[in-house]
Amino acid sequence: MNILILGANSDIAKHICDAFAKEKDAHFYLASRNTTDLEKFSKDLTIRHQVKASYYSFDATNFTSHQKFYDNLPEKPDLVVVAFGLLGEQQLAEKNFQHAAQIINTNYTGAVSILEIVAADFAARKSGTIIGISSVAGLRGRQSNYIYGSAKAAFTTYLSGLRNRMQKHNVHVMTILPGFVATKMTQDMDLPQRLTAQPKVLGQAVYQAYSRGKNTMYHKKAWCLIMFVIRSIPESIFKRLSL
Amino acid sequence: MVLNFIAMKIHGWGKYPYQEACIHHASNHSELRKVIQQGNCIARGLGRSYGDSALSANVISTQQLRYFLDFNPKTGLLICESGVSLADIIDAFLPRGFFLAVTPGTKFVTIGGAIASDVHGKNHHHVGCFSEFVENIELLLPNGEIVNCNRQQNQELFHATCGGMGLTGIILAATIKLIPITSSTIQQRTIKSANLNATLAAFHEHKEATYSVAWLDCTAKGKHLGRSLLMLGEHADDNNLVRSTPRNLNVPFNMPSIMLNRYSIRAFNHFYYQRIKQDEVHDRVNLDKFFYPLDSISQWNNLYGRKGFTQYQFVIPLEDAEMALQKILGKIADYGNGSFLSVLKLFGKANSNYLSFPQEGFTFALDFKMEPTLFHFLEQLDRLVQDYNGRVYLAKDVRMPADFFHATYNKVEQFQKIRASIGATDKLSSLQSTRLGI
Ligand SMILES: Cc1cc2nc3c(=O)[nH]c(=O)nc-3n(C[C@H](O)[C@H](O)[C@H](O)COP(=O)(O)OP(=O)(O)OC[C@H]3O[C@@H](n4cnc5c(N)ncnc54)[C@H](O)[C@@H]3O)c2cc1C
Ligand SMILES: NC(=O)c1ccc[n+]([C@@H]2O[C@H](COP(=O)([O-])OP(=O)(O)OC[C@H]3O[C@@H](n4cnc5c(N)ncnc54)[C@H](OP(=O)(O)O)[C@@H]3O)[C@@H](O)[C@H]2O)c1
């Protein structure tokens with residue numbers, strides 16, 4: 001199975017690779033900006049799992065490069081994982097549109113740009129799976145991260161539309177909605193231990209959800225309930241909360 | 001990126017003490033150098049050391065150093081980054097017929113931590129410490145320079161870093177030798193001994209066994225003092241490398257510490273000893289169960305409650321071992337609040353590392369729940385240990401007095417000289433090294 005990982009330096013992506021390495025004849029195509037790290041990671045995968053791995057330079061925000069990037073892959077993927085993302089700094093994004101745009105383009109626009117190319121190929125081949133890592137942060141806007149949250153909201157909506165469209169082409173689209181995950185993205189935050197997932201566990205959960213053909217997956221499971229509660233708070237009250 | 005990190009409360013495996021620390025991540029070397037220059041800095045792996053050896057105001061986590069860099073199946077030589085855990089290595093290489101030459105009682109320790117504590121396993125009497133199988137260490141010095149240390153190059157630094165508790169630099173990567181095996185199971189023999197004399201005799205009688213460790217009933221007194229179950233192990237050779245995944249339990253919350261009292265502990269020990277009916281039992285167990293019985297209960301350190309616990313591990317040279325153990329076990333039995341699991345092992349010869357713990361003799365380890373009388377009691381044990389030329393293991397320690405440490409580790413001065421020569425003295429320190437004046 002050819003597996004294309006976009007944003008492969010993400011800690012979550014690395015553990016997704018570990019979980020998918022048990023797929024028969026797994027060949028990983030690792031794509032991200034930092035190719036020095038990718039070189040090490042691809043070597044690690046080949047040693048750790050005795051699978052094939054190669055790596056490619058890819059920038060989600062360099063939209064015009066995407067078609068060429070995809071065309072140049074030596075073999076077309078059977079599975080594509082969108083793992084790149086940028087949390088950014090909310091307060092900076094409020095003052096500096098450049099930064100806001102970077103957050104939006106990384107989490108949303110870049111994903112649309114590359115996934116439309118992938119979708120066209122999968123639709124033509126009548127097979128394939130797309131896994132997108134969005135976030136529970138997209139389920140309700142909060143003052144502490146609404147630029148990131150709104151981009152993730154758009155991405156979640158996009159994935160659900162894409163799933164609807166690709167259904168008839170025998171292409172499966174899965175949306176992952178993690179809560180807190182202990183990765184380099186959150187390493188400087190003091191996260192509540194009980195609600196924070198380990199990326200290794202998340203990686204395995206993604207594999208399991210994939211094997212079962214799930215459409216959306218929350219992780220940890222408690223987030224499903226938490227977000228239900230958060231979403232049911234009336235706006236007149238919610239706007240006063242400091243979340 | 002700027003050097004502002006939020007402080008977090010962290011602790012060792014014993015959950016005592018808690019320390020407010022800035023956590024830095026070891027990914028970018030030039031940034032690391034800046035962090036080290038701030039001083040009060042120490043490396044941290046998986047935090048499985050019991051006490052305060054991986055605690056400081058600035059902590060460098062090796063969590064991001066997770067890569068395998070090279071493996072040669074002909075020689076068994078593995079090069080990996082220091083944050084790789086023993087569990088990662090077993091997961092990847094057991095199915096291919098390789099195992100660790102030396103492993104501690106948990107697989108959730110990093111290569112960096114295993115080297116820095118120069119850990120020992122149940123086969124120390126044959127093969128020595130972890131460092132015997134370390135062929136090279138890539139070390140980041142306080143000045144930012146990265147050097148290789150091994151038995152040919154920077155030898156002194158190599159011998160100081162193995163067992164050096166993170167006080168010589170940040171281990172970035174290491175080359176270690178794995179051993180070939182042909183089975184994922186262990187042939188186990190369990191031998192029951194009725195008292196200390198019989199227990200020690202059983203160790204000597206079964207010296208040839210590759211692995212040996214005894215669980216000892218630390219609550220037994222009088223003629224039962226030192227009764228034990230000695231577990232011996234040999235790698236099976238059934239050419240079956242399939243690993244059965246162990247079941248997992250979890251202790252998600254601190255247990256009320258009242259649950260652990262002299263009665264529950266005595267009952268547990270009694271039951272554990274009596275569960276083996278015959279004098280000798282042969283069976284076959286999977287490797288995880290033999291080496292890592294506690295790993296199937298995640299966060300078992302919560303069992304001891306909110307105030308935490310510590311482990312007291314000492315070694316006594318062979319010649320006086322029986323008499324010393326008799327006295328110490330007597331004291332522990334009187335104290336009453338001993339632990340569920342106390343473990344006795346036979347050590348082989350000491351190596352030439354400056355701060356490595358093992359020396360030829362018997363080592364005994366047991367847990368104690370934190371309580372106001374504990375440290376005073378342990379100081380009494382220290383005195384006995386010192387009288388019999390023994391010492392206490394740094395990886396478990398959270399309280400030994402500095403003078404006791406200096407009196408029992410005889411190469412501290414040389415170690416300090418090496419530390420000074422690389423500018424580490426006022427840059428790298430843990431709560432432990434400060435307490436002990438290393
Ligand atoms: C259940 C259990 C059983 C155990 N059984 C045994 C046993 O049988 N034998 C034995 O010897 N030990 C045993 N230990 C102790 C354990 O093996 C050691 O404490 C080990 O050092 C822990 O590794 P860690 O990665 O968790 O390191 P930490 O606890 O995070 O750090 C321990 C020390 O290593 C240093 N260190 C860590 N990483 C680096 C690095 N990259 N560079 C430089 N210094 C570094 C730290 O500064 C600190 O001084 C046991 C511990 C537990 C919890
Ligand atoms: N961690 C959490 O708590 C959490 C929670 C919910 C959702 N998520 C989402 O999960 C995904 C993975 O996150 P993570 O926690 O694993 O984060 P991470 O470790 O910080 O990884 C994010 C990766 O995205 C890549 N990336 C960023 N901008 C890119 C760009 N323009 N082009 C290509 N790659 C780019 C980076 O790769 P390079 O290093 O190559 O630049 C980076 O390694 C993200 O989408 C994140 O939003 C995370």
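Which residue has a polar side-chain atom 2.8 Å from an oxygen atom of ligand 1?

Guide: That residue is B:S117. First, some ground rules. This is a predicted model, in which local features need pLDDT of at least 70 and side-chain atom pairs count only at pLDDT 80 or more, while totals for chains, interfaces and linings use all residues. Residues are numbered from 1 along each chain as its sequence is written, chains are lettered from A and ligands numbered from 1 in the order in which they are written, and side-chain values use heavy atoms, with hydrogens and water left out.

Now the site itself. Around ligand 1 there are 35 residues, each with a heavy atom within 4 Å of it. B:A43, B:G45, B:R48, B:S49 and B:T110 come nearest. A polar backbone atom of B:A43 is 2.7 Å from an oxygen atom of ligand 1. At B:G113, a backbone N or O atom lies 2.9 Å from an oxygen atom of the ligand. On its own, ligand 1 has 960 Å² of accessible area, and the protein covers 97% of it. (Such areas come from the Shrake-Rupley method with a 1.4 Å probe; for residues, only the protein chains shown count as cover.)

Three elements of chain B give two or more residues to this shell: β3 (41-44), α3 (111-116) and β10 (170-180). Helices (H or I, at least four residues) and strands (E, at least two) are DSSP runs, numbered from the N terminus. By class, the shell has 16 nonpolar, 15 polar and four charged residues. Here Asp, Glu, Lys and Arg are charged; Ala, Val, Leu, Ile, Met, Phe, Trp, Tyr, Cys and Pro are nonpolar; the others, Gly among them, are polar. The shell draws at least three residues from each of domain 1 (68-181) and domain 2 (185-401) of chain B. Those bounds come from an automatic or database domain assignment.

The largest nonpolar core has 123 residues. Such a core is a set of buried Ala, Val, Leu, Ile, Met, Phe, Trp, Tyr and Cys residues joined through side-chain atoms within 4.5 Å. B:I89, B:F93, B:F130 and B:I176 have the most contacts inside it. Its largest share, seven residues, comes from helix α9 (residues 321-335) of chain B. Domain 1 and domain 2 of chain B both give residues to this core, so it lies between them.

Two other places in chain B deserve a stop. B:S131 is in the loop between α4 (124-127) and β8 (134-140). This serine counts as buried because its relative accessibility is 2%. (Buried means under 20% relative accessible area, exposed over 50%, partly exposed in between, with a 1.4 Å probe and protein chains only.) The side chain of B:S131 makes a polar contact with the side chain of B:N353, at 3.1 Å. A polar contact is a pair of N or O atoms within 3.5 Å; within protein, one must be able to donate a hydrogen and the other to accept it, and residues adjacent in sequence count only if both atoms are side-chain atoms. B:V315 sits in strand β17 (residues 309-317). With 0% relative accessibility, B:V315 is buried. B:V315 and B:N389 are 74 residues apart in sequence, yet 8.7 Å apart in space, C-alpha to C-alpha.

Ligand 2 is surrounded by 28 residues, and A:S10, A:S32, A:A60, A:Y148 and A:T183 are the closest. The side chain of A:Y148 places an N or O atom 2.6 Å from an oxygen atom of the ligand. For A:K184, a polar side-chain atom lies 2.9 Å from an oxygen atom of ligand 2. The protein covers 94% of the 880 Å² of accessible area that ligand 2 has on its own. Shell elements with two or more residues are α1 (11-20), α6 (146-166) and β7 (180-181) of chain A. The shell divides into 11 nonpolar, 12 polar and five charged residues.

Last, a backbone detail. Most peptide bonds are trans. A cis bond joins B:Y16 and B:P17, with omega about -10 degrees. B:P17 is in the loop between β1 (7-11) and β2 (18-25) of chain B.
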